[in-house]
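Visitor: Could we go through this model together? I would like to begin with the strands and then move on to the helices and the core.

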Amino acid sequence: MAATGTVLVVDDDPAICVVVGEALRRQGHKVKTAASIRERTALMDSFTPDVLITDVMLPDGDGLEGVADIIAARPDLSVIILSAQNTLNTAIRATEKGAFEYLPKPFDLNELTRAVSDALGTRQDEGEEQGDVGLPHDGLPLVGRSPAMQEVYRTIARVLSNDLSILVLGESGTGKELVAEAIHSLGQRRTKPFIAINMAAIPRELIEAELFGYEKGAFTGAHARTAGKFEQAQGGTLFLDEIGDMPMEAQTRLLRVLQSGEVTTVGGSKPVRVNVRIIAATNKHLPQLIDDNRFRQDLYYRLNVVPIALPPLRERREDVIMLARHFLEKAAQEGLPRKTLADDATQLLMAWHWPGNVRELQNMMQRLAVLSRENVITAEILRNMLPLDAVPADYAAPGDHLAHAIRDWAKRQLGVGLGQPNRSLHDDMLAMVEPILLQEVLASVDGNQIRAAGLLGINRNTLRKKLTDYGLDPLQLRVAD
């Protein structure tokens, strides 16, 4: 039987407190709730929870502030952070503060209850150092708040405090090197070198010399001893890109280095001790290469300690516009003309399938910043930049389809409704469209009525009245039990 305990849930949304609280009580936990940092502090003076679940954005401040002090005072307490900010920064801050788990909103209720069960079964090591270790957060290279990227952020946050080998998987252009750079620049080795080498870009006969270095006279043109990438990365991180293209003989030497921690240069006999973190990346399916006898299985297991799978851009379309604007802003900061995106352009960007992934999007935004004479990028300008077969001739943005649908509906209603002066077409249209809009907006913010009202541009009382009028239950418009 799973362990039970006491849980304090802190969130300014009453619906979240009710749903989470009831789910935990059904599992046998004792639960109390709070809506602010002040209430959290007051409750913890009289209530000793085993698990603290707290939102980040609370009415009276940042819910992460003070978490490190709470954990320092109560080392047995496990903290689970909830956040709608959904950035790598938030995931890292949560980990730095000593959080047991970080869950982005909207979260899966079953995942949260499992996290509570896991937390109750795990006690933090006595004397484990907690608190903010002062890692930098500005200028983080990864952009995106999609659910697919949340898992990437959570994994990155968990590997910053250790030196485990990492294998980054993903299609070309998804940002594998950016992940490696983020882990290095935010981790314990950030003051030491970050050295990258692309296996696919180096002639096969030179890979060992590039990786391990060579002695004077080792081969034609070796006029002096030259340190390899392992020695250059001493104390830091070595990023082995496109590891699937590494020749088998070089794989054998690499495996020996990883096992022994020593490098012997080409033409040399004296081993050199090296201390580097290994991050490898590939766009190939390594298990298939193993079956084809093109990749060593033992090397695969040595590299694949912590896998990080980067999603292709077509599977995180909600990040496309954020990324596009990020690249346009970056171009402006580099001295190129500042450009913005028109609404029809954003719809077209979302519709394109991006075979080149984030790199393709970045290159397009840079071209637009350089070549476009207009300050506002429209769909027509984008069509001229995309391949000829990229956009169907009959393409229409989703907004265009909605406008056509409303126009057709209005014409039909006018055709059958003439002579009925008391009929309100406006009310009929609202009754058909508004409930759908309310449901989708509430679902997108996990049922938080304050945030939903802000997105809709109405006050919370108006939103409540509309929900009542349409018979909508906000508790059914959030995470499923």
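Visitor: Which residue is the bridge partner of Ile81 in strand 7?

Guide: Tyr102 is the bridge partner of Ile81 there. Strand 6 (residues 78-83) and strand 7 run parallel and share 4 bridges. Strands count as paired if DSSP finds at least two bridges between them. Helices (H or I, at least four residues) and strands (E, at least two) are DSSP runs, numbered from the N terminus.

Visitor: And what kind of model is this?

Guide: It is a predicted model, in which local features need pLDDT of at least 70 and side-chain atom pairs count only at pLDDT 80 or more, while totals for chains, interfaces and linings use all residues. Residues are numbered from 1 along each chain as its sequence is written, and side-chain values use heavy atoms, with hydrogens and water left out.

Visitor: What does Ile81 touch beyond its sequence neighbours?

Guide: Leaving aside neighbours within four places in sequence, Ile81 is in contact (heavy atoms within 4.5 Å) with Thr54, Val56, Leu64, Val67, Ala94, Ala99, Glu101, Tyr102 and Leu103.

Visitor: Where does strand 7 sit in its sheet?

Guide: The sheet is open, with 5 parallel strands in the order 2-1-3-6-7. Strand 7 (101-104) and strand 2 (30-34) are the edge strands, each pairing on one side only. Within the sheet, strand 1 (residues 6-10) and strand 3 (residues 51-55) are parallel partners over 4 bridges, and Leu8 stands opposite Leu52 of strand 3.

Visitor: Now the core. Which residues have the most contacts inside the largest one?

Guide: They are Leu8, Ile81, Leu88, Ile156, Ile166, Val179 and Ile183, in a nonpolar core of 44 residues. Helix 6 supplies the largest share, 6 residues. Such a core is a set of buried Ala, Val, Leu, Ile, Met, Phe, Trp, Tyr and Cys residues joined through side-chain atoms within 4.5 Å. Another core lies apart from it and has 31 residues, including Leu258, Val274, Phe295 and Leu299.

Visitor: How does helix 6 pack against helix 4?

Guide: Helix 4 (residues 88-96) and helix 6 (residues 147-159) pack at about 35 degrees, with axes 9 Å apart. Leu88, Ala91, Ile92 and Thr95 of helix 4 make the contact with Tyr153, Arg154, Ile156 and Ala157 of helix 6. Axes are lines fitted to C-alpha atoms, for helices over the stretch in contact, and angles run from 0 to 180 degrees between N-to-C directions.

Visitor: What about the backbone at Trp354 and Glu242?

Guide: Trp354 has a positive phi of about 50 degrees although it is not a glycine, and Glu242, also not a glycine, has a positive phi of about 50 degrees. Trp354 lies in the loop between helix 14 (343-351) and helix 15 (357-371); Glu242 is in the loop between strand 10 (237-241) and helix 10 (248-260).

Visitor: Why does Glu242 count as buried?

Guide: Glu242 counts as buried because its relative accessibility is 12%. Trp354 is buried as well, with a relative accessible area of 1%.

Terms used. Buried < 20%, exposed > 50% of the residue type's maximum accessible area, 1.4 Å probe, protein only.
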